[in-house]
Structures are given as C-alpha cells and as structure tokens.
Amino acid sequence: MARSQRKYDHEYKVQAVKLAKEIGGAKAAKELGIPEGAIHTWLKAVRTGQLDIGEGAHTPESAMSLEEELTMLRKRVKDQDKEIRRLKEENEFLEEASAFFAASRRKSLRPKE
C-alpha cells in the first residue's frame with residue numbers, strides 16, 4: 001500500500017531548515033518527526049536558491065560564489081532551452097496530425113459519386 005506524501009507549507013520548511021542548520025539534519029528530522037530525506041532536500045533547495053529562508057540566512061561560507069551561481073543559471077537556461085525545443089517539436093507534430101485527420105475527415109464526409 002502506498003504511503004500518502006505529506007505536504008509542508010513554506011514557513012514550516014523555513015523553520016525546519018533553520019533548526020537543521022543549528023543542530024544538524026538528522027537531529028532536526030528526528031525532533032520534528034519528519035523523514036531525514038525531506039530535511040536534506042530542503043537544505044539543498046536553500047543552497048541552490050530554490051527555497052528562500054529569508055534575510056540574513058546565508059553566511060559568507062554558505063553563500064554561492066558568483067561563478068557557482070552563473071554555472072547554475074547557465075545549466076537552468078540550457079535545460080529550459082532543451083524543454084522549449086522538445087515542446088516545439090511536439091506542437092509541430094500535433095499540428096501536422098491535426099491537419100491530416102481534418103483532411104481525412106473531410107474526405108470521408110464527401111458524398112460518394
């Protein structure tokens with residue numbers, strides 16, 4: 001039987017991450033009664049900039065360097081370009097298929113001679 005996945009709101013994640021930074025991920029997970037993997041996922045999201053935990057949360061050691069940020073953003077742009085290309089190809093295929101089926105439908109609706 002599949003477990004239902006719990007949803008955590010943004011504020012809960014922020015507080016959990018702050019606690020994990022103070023006492024460690026495993027201890028915070030145990031104290032909060034949540035999977036350790038969830039804490040680690042949120043910590044990674046903070047490092048990559050996907051989860052904002054507010055002002056003053058980063059120390060100079062934990063903040064991304066400009067080079068790391070640039071590398072991350074370039075990868076994101078590359079991934080998005082790839083996705084856009086795939087979606088354009090799918091859209092083109094669907095337009096062609098739609099035209100084909102519309103033409104065949106018109107053909108089948110013509111009166112027989």
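Author: Here is a walk through the aromatic rings, with the chain as a whole to begin.

This is a predicted model, in which local features need pLDDT of at least 70, side-chain atom pairs count only at pLDDT 80 or more, and totals for chains, interfaces and linings use all residues. Residues are numbered from 1 along each chain as its sequence is written, and side-chain values use heavy atoms, with hydrogens and water left out.

The chain has four helices and zero strands. Helices (H or I, at least four residues) and strands (E, at least two) are DSSP runs, numbered from the N terminus. Of the 113 residues, 17% count as buried. Buried means under 20% relative accessible area, exposed over 50%, and partly exposed in between (1.4 Å probe, protein chains only).

Now the rings. The structure holds four aromatic pairs. Rings of Phe, Tyr and Trp (its six-membered ring) pair if their centres lie within 6.5 Å; planes under 30 degrees apart are stacked, over 60 edge-to-face, and the rest tilted.

One of the pairs joins Tyr8 and Trp42. This pair is edge-to-face, with 5.2 Å centre to centre and 75 degrees between the planes. Tyr8 sits in the segment before helix H1 (10-23) and Trp42 in helix H3 (residues 36-47), so the pair ties together parts 34 residues apart in sequence. Both Tyr8 and Trp42 are buried.

Trp42 also pairs with Tyr12. Here the centres are 6.4 Å apart, the planes make 90 degrees, and the pair is edge-to-face. Tyr12 lies in helix H1 and Trp42 in helix H3, so this pair ties together parts 30 residues apart in sequence. Tyr12 is partly exposed, at 27% relative accessible area. Trp42 has 8% relative accessibility, so the residue counts as buried. Ring pairs link Tyr8, Tyr12 and Trp42 into a cluster.

What surrounds the rings? Leaving aside neighbours within four places in sequence, Ile34 is in contact with Tyr8, Tyr12, Ala29, Ile39 and Trp42. Contact means heavy atoms within 4.5 Å.

Trp42 and Ile34 also belong to the largest nonpolar core, which has 17 residues. A nonpolar core is a set of buried Ala, Val, Leu, Ile, Met, Phe, Trp, Tyr and Cys residues joined through side-chain atoms within 4.5 Å. Val17, Ile34, Ile39, Trp42, Leu51 and Ile53 have the most contacts inside this core. H1, helix H2 (25-32) and H3 each give two or more residues to the core. H3 supplies the largest share, six residues.
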